[in-house]
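Have the viewer open as you read.

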Amino acid sequence: MSKISHFGPKIEFHIGIDDTDSVRGGCTTYIAAQIIRKLVKEFEVEFIDYPNLIRLNPNVPYKTRGNGAVAIRVLVNENLIEEIKRTVIQEVEKWFMIEDEKTNPGIAFLRGKIPTPLKCFAKKVIRDIVEIEEAERIAKMLNVEIIGYKERRGIIGALAAVGETLDGDYTYELLAYRKRENWGTPRRVDPQSVMLMDRETFPLTFNNVDYETGRILITPHGPDPVLFGIRGENPRVLIEALKYIKTGEPIACWVIFRTNQGTDDHLIVYRKISELRPYLPCKIKAIVDSKPEVIEGGHVIVRLRDETGAIDAAAYEPTGDFRKIIQKLEPGDEIIAYGGVRPLNGSKFTVNLEKIEIVKLARKFISRNPKCPKCGKRMKSLGRSGGYRCKKCGLKLVDAEKEVEEIKRDLKDGLYIPPPRAHRHLTKPYQRYGLEKKRKETIKLHEPWYYFSE
Ligand SMILES: [Zn+2]
């Protein structure tokens with residue numbers, strides 16, 4: 001069926017998919033892998049990029065799991081497009097978890113180059129809250145074909161995936177999938193092999209292991225088809241990392257995705273406290289306004305303010321030792337707080353901290369009564385009338401002053417990030433600072449970038 005593709009002009013064709021999975025299984029990246037398999041085997045297509053795995057605003061309440069959408073981008077003869085569309089729809093409908101009430105799949109098809117307004121829309125879906133109506137409007141305006149199922153919420157992410165061309169910083173993830181008969185059973189991935197891989201590929205792969213707990217982070221825990229995912233800076237290091245992983249079950253297939261994971265792309269824009277709304281990602285320059293407080297459950301709460309208002313920020317229990325840093329903050333400290341706005345009861349909300357940067361620590365002083373000049377003992381204040389008296393020798397001083405001493409802060413300026421197990425997919429980890437990339441004009445695909453056992 002692909003023979004006719006040799007003739008005629010080729011055009012770019014972009015496919016976006018979102019919200020096909022549920023907590024009970026499925027995975028949008030797996031559907032993408034199945035579509036790629038079909039495209040490779042049955043169609044004459046040229047991939048113009050790795051499939052893109054686009055993580056969207058992680059704070060939205062209606063997300064299924066990681067809030068990830070996928071785009072597949074090919075160069076293809078125009079007369080194949082209808083057939084490709086049919087194949088995509090077929091694969092999505094074969095694998096999506098449509099019976100789950102929270103799963104509202106969406107597909108987007110775009111012919112030609114990505115229009116700038118669609119790129120802007122994608123950034124908005126990553127950094128803000130977008131309603132379905134806005135997605136429908138933009139699709140109509142830009143001639144993007146959309147297919148939505150049930151509540152159609154997936155069209156937002158499907159469009160955003162097509163529009164997010166990852167021109168700024170980006171990373172890669174190699175996702176390996178399980179044979180169908182193993183779905184839902186415990187994953188058999190040797191933890192020692194993961195630790196070895198982590199050591200051997202550092203710093204070019206990231207978030208493989210959480211060393212504070214010893215937990216392996218490359219394997220998910222749900223019934224979805226993913227066996228493991230290795231995140232890293234380039235496709236070559238992922239292929240190399242793959243060789244270290246020992247599994248007790250076969251790998252059905254793997255695909256390398258280019259992605260905004262580990263880039264902080266949701267935390268680019270500074271906001272004022274007065275602008276914060278529920279579910280918004282935020283980065284705010286703030287002054288610590290209260291002593292941090294530990295509340296039930298081990299969460300640490302601290303009040304922040306800027307010139308527009310004040311808000312509570314929280315480091316929750318899963319952020320582990322990060323909470324100890326937050327506890328050491330003092331009123332007057334200048335920080336940059338990164339996080340997501342989380343609604344509380346009523347109209348209140350807090351910032352769920354994802355990382356902080358301490359810009360300037362406030363100086364902290366203690367004042368003490370003066371020492372007795374005669375015997376060296378610390379004197380006692382005579383109260384409001386003024387003056388001090390030595391309890392030991394009885395000396396009285398009327399005009400002595402308190403000793404003021406600066407206390408050394410048990411904290412340094414700099415960046416503080418919770419342990420990897422508490423990261424969002426989008427969170428940039430420590431080791432990626434300084435490794436940021438900028439996309440060159442075209443992406444050259446490194447072979448092999450996929451593997452299908454059948
Ligand atoms: Zn004395």
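## Ground rules

A residue is called buried if 20 or more other C-beta atoms lie within 10 Å of its own, exposed if 12 or fewer do, and partly exposed in between, with C-beta atoms placed from the backbone. Helices (H or I, at least four residues) and strands (E, at least two) are DSSP runs, numbered from the N terminus.

This is a predicted model, in which local features need pLDDT of at least 70 and side-chain atom pairs count only at pLDDT 80 or more, while totals for chains, interfaces and linings use all residues. Residues are numbered from 1 along each chain as its sequence is written.

## The chain as a whole

The chain has 8 helices and 25 strands, and its C-alpha trace spans about 105 × 50 × 40 Å along the principal axes. Of its 454 residues, 41% count as buried. Two residues are in contact if their C-beta atoms, placed from the backbone, lie within 7 Å. Among contacts between residues at least 6 apart in sequence, 73% join residues at least 24 apart.

The chain is divided into domain 1 (3–165), domain 2 (267–363 + 409–422) and domain 3 (365–406); these bounds come from an automatic or database domain assignment. The C-alpha centres of domain 1 and domain 3 lie 74 Å apart.

Let us start with a helix. The 12 residues of α3 (residues 116–127) should span 16 Å at 1.5 Å a residue, and the end C-alpha atoms are 17 Å apart, which agrees. The expected span is 1.5 Å times one less than the number of residues.

Which residues of α3 are buried? They are Leu-118, Phe-121, Ala-122, Val-125, Ile-126 and Arg-127. The buried residues of α3 pack against α4 (132–142), α5 and β13 (281–288).

## Two nonpolar cores

A nonpolar core is a set of buried Ala, Val, Leu, Ile, Met, Phe, Trp, Tyr and Cys residues joined through C-beta atoms within 7 Å. The largest one holds 74 residues, of which Ile-17, Ala-108, Ala-158, Leu-159, Ala-160, Val-162 and Tyr-177 touch the most other members. Apart from it lies another core, of 26 residues, among them Leu-267, Leu-304, Ala-315 and Phe-322.

Leaving aside neighbours within four places in sequence, Leu-159 is in contact with Gly-16, Ala-108, Leu-118, Phe-121, Ala-135, Ile-138, Ala-139, Val-144 and Ile-146.

Strands of a sheet pair through backbone hydrogen bonds, either parallel or antiparallel. Here, two strands pair if DSSP finds at least two bridges between them. Strand β12 (residues 251–259) has 8 of its 9 residues buried, so β12 is largely enclosed by the rest of the structure.

Strand β3 (residues 52–55) runs parallel to β12, joined by 2 bridges, and Asn-52 has Arg-258 as its bridge partner in β12. Strand β7 (residues 171–178) is antiparallel to β12 over 8 bridges, with Thr-171 partnered by Thr-259. Between β12 and β25 there are 3 bridges, again in the antiparallel sense; Val-255 stands opposite Tyr-450 in β25.

## A three-stranded open sheet

Elsewhere in the list of strands, 3 of them form an open sheet in the order β20-β21-β22, with antiparallel pairing. β20 (380–381) and β22 (396–397) stand at the edges, each with a single partner strand, so one side of each is left without a neighbour in the sheet. β20 pairs with β21 (residues 388–389) over 2 bridges, and Lys-380 has Arg-389 as its bridge partner in β21.

## Backbone geometry worth a look

Most residues other than glycine have a negative phi, and most peptide bonds are trans. Asp-19, in the loop between β1 (10–18) and α1 (28–42), has a positive phi of about 55 degrees. Is Asp-19 buried or exposed? Asp-19 is buried, with 32 other C-beta atoms within 10 Å. Arg-152 has a phi near 65 degrees and is found in the loop between β6 (145–148) and α5 (154–163); Arg-152 is partly exposed, with 18 other C-beta atoms within 10 Å.

Cis peptide bonds occur too. One joins Phe-202 and Pro-203, with omega about 0 degrees, and Pro-203 is found in the loop between α6 (191–201) and β8 (205–206). Another joins Glu-447 and Pro-448, with omega about -5 degrees; Pro-448 lies in the loop between β24 (414–416) and β25 (450–452).
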